[in-house]
Each structure stands twice: as C-alpha cells, then as structure tokens.
Amino acid sequence: MQNIVPMTRPALELRTGQHLTLTPQLQQSIRLLQLSTLDLQAEIAEALAENPMLERADEPAESEAASDREETVADEPWNEAEPRSDEMPGSGGVYPDDRPDGFDSARNDTLREHLLAQLGLTHAGPRDAALVALLIDELDENGHLASPLEEILGWLPAQAEVDLDEMRAALSLLQSFDPVGVGARDVAECLVLQLRNPDLTRLPEAADPAVLACARRLCADHLPLLAAGNVARLRDALLCDEATTRAAHALIRRLDPRPGRAWSVPAADYAVPDVIVRRTRQGWQAVLNGAAVPRLQVNGLYAQLLGNQRESSHAGLHAQLQQARWMIRNVEQRFDTILRVSQAIVAHQSAFFSEGPSAMRPLTLKDIAGELGLHESTISRATTQKYMLTPFGTLELKRFFGSGVATDGGDVASATAVQSFIRKLVAEEDRAKPLSDNQIMQRLADQGIVIARRTVAKYREALRIAPASLRKVHASR
C-alpha cells in the first residue's frame with residue numbers, strides 16, 4: 001500500500017507590523033555624538049574635502065567673544081589654592097613618575113626603524129639579518145620580545161630549516177643594540193642586560209664590583225623578594241651586607257625596565273574640553289568651548305545655482321546639498337546634547353566645583369536620562385571621551401558618575417569622594433607607621449563612612465597606592 005503525502009500549495013499572505021528603521025541622518029547623528037572632539041574634527045575635515053556644498057563659516061567677531069567673557073564674574077575667580085586635577089583619582093599626567101632621566105618626548109623615528117638602522121651597520125649575513133628583523137617585528141611597545149623563541153620558530157616554514165640555536169644567536173645580536181635591554185624576554189633579563197656592561201657615568205654605583213655583582217644576582221633571581229620589600233630575606237638570599245644591598249637597590253632603580261617606551265610614548269597627550277564651567281552671578285554654569293565647536297555652513301553660491309535647477313537634472317549635487325545640511329544639523333544637535341547633559345551634571349555636582357573631589361555626589365546615567373527625557377545610551381555616548389574644564393582640571397564627563405556609599409547619618413557619599421578621603425589619609429600619615437587598610441577603614445568610620453576593609457583595598461589599588469608594608473619599606477630607604 002502506498003502512502004500519499006498531501007502537497008502544500010504556495011500562498012501569499014499580507015501582515016501588518018511595525019519596526020524601527022534607522023535613517024541615514026539618524027545613523028550619522030548617533031555616530032557624531034559618540035565621537036571625541038578630535039575624531040569629530042577629522043570627520044568634518046573629510047566631509048569638507050569630499051562635499052563642495054559644505055564649507056567653514058567665518059570666525060566669530062572679537063566683540064562677540066568679548067561679550068561672552070563678560071558673562072564670567074571677574075571678582076569671583078577660581079580659587080588657585082584649591083587642589084587641581086592631580087588630586088582626582090587616576091588623573092595622573094601622561095608619563096609615569098618613574099620615567100628615566102632625560103625622558104622628555106617620543107622619538108621622531110620608530111623603535112623598529114631605529115633597530116633596523118643598527119642592523120644595517122652590522123656584518124650579519126642575509127639569513128641572520130632576516131631572523132633579527134623577524135624578532136624586531138615581535139617586540140612590544142616596551143622593547144620586550146612578545147613571544148617565546150620556540151613559538152616564533154614554529155611560525156617559520158619547515159623548508160627554511162631554522163633551528164633554535166640560530167634563533168638564540170639572532171636574539172643575542174638584537175640584544176646588543178641600543179637601547180640597552182631591548183629584546184629581553186622579561187623584566188629580569190632586561191635589567192640583567194643593562195648591567196652587563198654598565199655606563200659608569202650614568203650608573204656610578206656599578207663602579208663597585210661587589211655592588212654590581214649583588215645587583216646582577218638580585219635582578220636574575222630575586223626580583224620578587226625586592227618587590228615584596230622583605231629586606232631581611234633579601235640580604236640572606238644575596239649573602240650581602242646591608243650597605244651593599246642598599247647600593248645594589250639604588251643601582252637597579254636607575255635602570256629602565258621598559259627601554260622601548262621612549263619611541264612609543266607620544267610627546268604630549270591633550271584633552272580638548274568640549275565644555276567649560278564658569279562661576280557666574282547665578283552660580284556655576286556650563287558653556288560650550290567655542291574653540292571646539294566647528295562653524296559650518298552650506299556654500300551659498302552652489303545652493304543658489306541648484307535652486308534654479310530641477311532636482312532630476314543634478315541629482316548628485318542635490319544629494320550632496322542634503323548631506324551638507326544633515327552634517328550641519330547633526331553637529332549642532334551633538335553639541336546641544338553635550339551641553340544639556342553637562343548643565344545637568346553641573347546642577348547635580350555643584351558642590352564639587354566649589355569644594356573639590358571630596359564633595360562629589362553619587363550620580364548615575366539613569367538619573368540624567370530621566371531628567372532630560374533621553375535614553376541612557378544617549379547619555380553614555382554624550383559623556384564618553386567628552387571633557388569638561390573645571391577648577392580642578394580637565395575631566396571626562398564620565399568621571400562625574402559613580403555609585404554611592406551609605407553613611408551613618410543616612411546620607412550617601414560617592415565612590416570618588418571616598419577615594420579622595422583615602423588619598424588624603426595616606427598623604428597625611430606617618431611614613432614610618434603607614435596606615436593599614438583596617439586603620440583606614442576605622443578612620444573612615446569615624447567620619448561616618450562605613451565600608452568593608454576589602455572595599456578600602458579596592459579603592460586603594462584603584463588609586464595606585466601601595467599596601468602599608470611596601471609604603472613602610474619605601475619610606476625607610
């Protein structure tokens with residue numbers, strides 16, 4: 001018996017529904033809002049180069065700029081005695097504090113170019129030179145070898161017949177180049193390379209053979225003990241007296257564990273503020289930074305000529321005219337949104353602008369979004385990589401948002417304010433008897449801020465403050 005399977009017949013069905021479509025204009029508006037000021041300038045420069053309908057407007061007259069400056073109250077300047085941006089958690093400068101002497105700015109050439117130029121001056125054969133160039137390409141921004149030799153060897157084709165000894169010889173040649181320590185596989189090897197033939201004019205401690213030998217052993221085998229600050233165990237492990245150990249430590253502090261950063265760190269890193277906060281008769285007010293706001297307009301001559309033509313005859317030019325109008329409107333909307341968000345932030349955080357980081361209040365994106373009638377994602381885009389010039393430095397708008405910590409008085413303190421208190425307590429502590437996390441927790445509790453010890457440790461680590469044991473060791477040196 002044969003089964004008969006019924007066949008389904010195709011049919012057309014009409015359904016109604018709704019869905020959200022992002023128009024090109026809306027997509028451009030969202031993209032411009034999330035761009036930083038520098039990225040926006042690049043975007044506008046590209047649009048100006050591609051679209052003849054778009055051009056820059058004339059600069060504002062000096063009288064207009066002068067009238068804007070009159071809005072600021074001259075007899076109420078910012079208090080220069082107040083702490084600046086370096087008191088804000090994580091608002092350090094461009095360079096780390098431990099950069100070597102004479103390290104001012106990045107080099108004009110790259111580290112790769114610098115090393116390849118030295119390679120060209122050697123008598124290495126084509127095969128060895130190719131292997132050294134391969135290792136140069138594997139260096140990270142600190143000048144360290146990013147991958148093990150065995151892994152790099154595995155990348156090479158089998159027909160090249162390169163063995164591990166050849167790779168080691170190529171690495172040895174690379175490690176003889178300037179800067180000293182380049183090509184190291186870890187920090188310990190980097191420091192050992194710098195102590196191999198030390199420059200006595202820059203490292204006078206190395207003139208003492210005992211100190212130099214102690215420093216070499218310390219770098220090769222006992223860096224974890226040095227980092228832990230356990231001086232007693234360090235002396236026992238090195239079999240050196242205290243004076244020699246301290247001299248060796250002083251010698252190591254003069255070395256650079258990241259020899260390649262002089263070619264990778266930019267000469268300067270500036271944040272262009274989108275908004276400036278000023279004290280006026282009405283209180284703190286946020287205004288747009290005129291230098292950051294591009295002034296755009298449609299080319300009047302082209303627009304007039306197209307106005308007398310039918311759209312079908314010059315469809316491409318009419319499309320460019322529409323794109324120019326979109327760009328102008330979306331740029332204006334971008335800065336209008338940033339200004340509205342900034343004004344709301346200033347209203348919520350007015351105490352910060354008068355008293356400093358310790359007066360920062362808890363604030364969330366949801367709070368501002370509900371107040372302005374915008375979505376949280378819009379607030380996030382409007383505050384990411386957007387900066388505000390304040391009496392305490394130029395700060396990203398994101399810095400004004402943070403969770404709260406309950407106090408005994410029923411009030412709420414922001415995490416930024418708690419971090420500010422911790423920084424102040426550590427700055428005022430007795431360096432011979434630094435405060436432990438538990439003692440900091442008790443000091444905060446005395447001020448009505450009750451948090452757990454692990455929370456203190458988390459905030460302390462975020463501020464890049466060492467534990468009490470290490471601070472004590474550093475203070476004794």
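Predicted model: local features only at pLDDT ≥ 70, side-chain atom pairs only at ≥ 80, totals over all residues.

Trainee: Okay, which residues do ring pairs link into a cluster?

Mentor: The structure holds five aromatic pairs. Some of the rings are joined through such pairs, and the cluster they make consists of Trp284, Phe352, Phe353, Phe392 and Phe400.

Trainee: Is the pair of Phe352 and Phe392 stacked, tilted or edge-to-face?

Mentor: The ring centres of Phe352 and Phe392 are 5.2 Å apart. Planes under 30 degrees apart count as stacked and over 60 as edge-to-face. Phe352 and Phe392 have 50° between their planes, so the pair falls in the rest: it's tilted.

Trainee: And how many residues apart in sequence are the parts that Phe352 and Phe400 tie together?

Mentor: With centres 5.4 Å apart and planes at 85°, Phe352 and Phe400 make an edge-to-face pair. Phe352 belongs to helix 15, while Phe400 is in the loop between strand 6 and strand 7 (404-406). So the pair ties together parts whose separation in sequence is 48 residues.

Trainee: Are Phe352 and Phe400 buried or exposed?

Mentor: Buried means under 20% relative accessible area. Phe352 has a relative accessibility of 0%. Phe400 gets the label too, so both are buried.

Trainee: Why do the buried residues of helix 1 line one face?

Mentor: In helix 1 (residues 24-34), the buried ones are Gln28, Ser29, Leu32 and Leu33. What covers them includes helix 2 (37-50), helix 14 and helix 17. They line one face because, seen down the axis of helix 1, they fall within an arc of 130°.

Trainee: Last one: how many disulfides does a search of the whole structure find?

Mentor: A disulfide needs two cysteine sulfur atoms within 2.5 Å. For the sulfur of Cys214, the closest cysteine sulfur is in Cys240, 3.1 Å away, so that's too far for a bond. Both residues are buried, Cys214 at 0% and Cys240 at 14% relative accessible area. The number of disulfides found in the whole structure is zero.

Definitions and conventions. Residues numbered from 1 in each chain as written. Heavy atoms only, no water. Buried < 20%, exposed > 50% of the residue type's maximum accessible area, 1.4 Å probe, protein only. Helix = DSSP H or I, 4+ residues; strand = E, 2+ residues; numbered from the N terminus. Arc of directions from axis to C-beta. Contact = heavy atoms within 4.5 Å. Phe/Tyr/Trp six-rings, centres within 6.5 Å; stacked < 30°, edge-to-face > 60°.
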